[in-house]
Amino acid sequence: MFRQIEGSRAVAEAVALARPEVICAYPISPQTHIVEALAELVQAGSLAPCEFINVESEFAAMSVAIGASAAGGRAYTATASQGLLFMAEAVYNASGLGLPIVMTVANRAIGAPINIWNDHSDSMSQRDCGWIQLFAAHNQEAADLHIQAFRLAEELSMPVMVCMDGFILTHAVERVAMPAQAEVDAFLPPYEPRQVLDPDDPVSIGAMVGPEAFMEVRYLAHAKQTLALERIPQIAEEFAARFGRTTGGLVRTYRTEDAETVVVALGSVLGTLKDTVDELREAGLKVGVLGIHSYRPFPLAAVRAALQGARRVVVLEKSFSVGLGGVVSTDVRLALSGLQLHGCTVVAGLGGRAITKASLARMLRDAVADRLGALTFLDLDQRMVERQLQREAEIRRSGPVAENLLRDLGTVASKVH
């Protein structure tokens, strides 16, 4: 049934349809509406049997999810930004123990300086933690991916993050088709754990492992991720057959068949990119889009197949590795190893800066004309940067960078001399 619904509420209702038995969370914007809605459903008795546990921190939220999953319960939590960093130790524990927890990451920038708006710095910081990472392009996909995530996590006995852009998706009201409970029950079987703490059959989960077996444990986690490369598209196809819409999978192409220039991206910016590409196509430019929906495991073969016919590849990133450049670009470059393609990295949207069609069109025109540098920061105010660098060169006690930039912009009062 189609409804006009906020993205957070759609995700909450999709999670509820998966019948979680334990939900634990600590509020942090922009994921708060998700867990608030789930708390309301639990309190009203419409999600039962389910226990909602208020915890004192994000570290505690993941720790409770680990305990619940190890005890045989279907567990869910959500977080963002610094919250994900605070639970990082437990995030690694969850994957290392092979526990099928599902977690929403409402993508948000990492401070300092403090910033509550969207980019992908948080989930990218955990790209090597062993969790599957699925990225939603819109709210229909965000809702659908959570249902698929429980199926995937429990089949492979490993945790899954569903990443959706904070505020851009979480707080946007869109038309979303919400499935019926019976449909989800037919798609998602009752949780049957591969490992469980059972007094009648005692085992240790999380025992000490030394050099004699640690490498093998880690390799098996990698082997599961490799298996996920097969199961993710299979589950997406089954979902499409049952529910009548295509969401998820590894990658999705748009107007790439004859494209000479293809831009690669993740998340909600894919919608803006498609609109921009449509306009550039009308102007005669052969451009296309490749959306990556599974970031971990990274679909090397699918990316290579989608891009091997292009002449130029532009990776649009909402995060970057300080001192190096692209994060996603590194993986794309590995996928294209040996192919003679001109590749560029474009960093955009950091801290929630708007990514407009006008800016994307200029960038893609530069790419088509081979005027785009290897690393570009879209809409960077170079004059502001140069003023700060000059300030630091001239004055030893030059002050906090963020405060100085805001003064240059006139958004905070200047110092009184």
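Buried means under 20% relative accessible area, exposed means over 50%, and partly exposed lies in between, with a 1.4 Å probe and protein chains only. This is a predicted model, in which local features need pLDDT of at least 70 and side-chain atom pairs count only at pLDDT 80 or more, while totals for chains, interfaces and linings use all residues. Residues are numbered from 1 along each chain as its sequence is written, and side-chain values use heavy atoms, with hydrogens and water left out.

Q: What share of the residues in the protein chain is buried?
A: Of the 417 residues, 51% are buried.

Q: Why is Gln126 called buried?
A: Gln126 has 5% relative accessibility, and therefore counts as buried.

Q: Where is Gln126 placed, and what is it in contact with?
A: Gln126 sits in the loop between α6 (121–125) and β6 (132–135); helices (H or I, at least four residues) and strands (E, at least two) are DSSP runs, numbered from the N terminus. Contact means heavy atoms within 4.5 Å. Beyond neighbours within four places in sequence, the contacts of Gln126 include Leu84, Leu85, Tyr92 and Met161.

Q: How do you know that the radius of gyration agrees with a compact globule?
A: The rule is 2.2 Å times the number of residues to the power 0.38, and the radius is taken over C-alpha atoms. For 417 residues a compact globule would have a radius near 22 Å; the protein chain has 22 Å, so the two agree.

Q: What makes up the secondary structure of the protein chain?
A: The protein chain has 15 helices and 15 strands.
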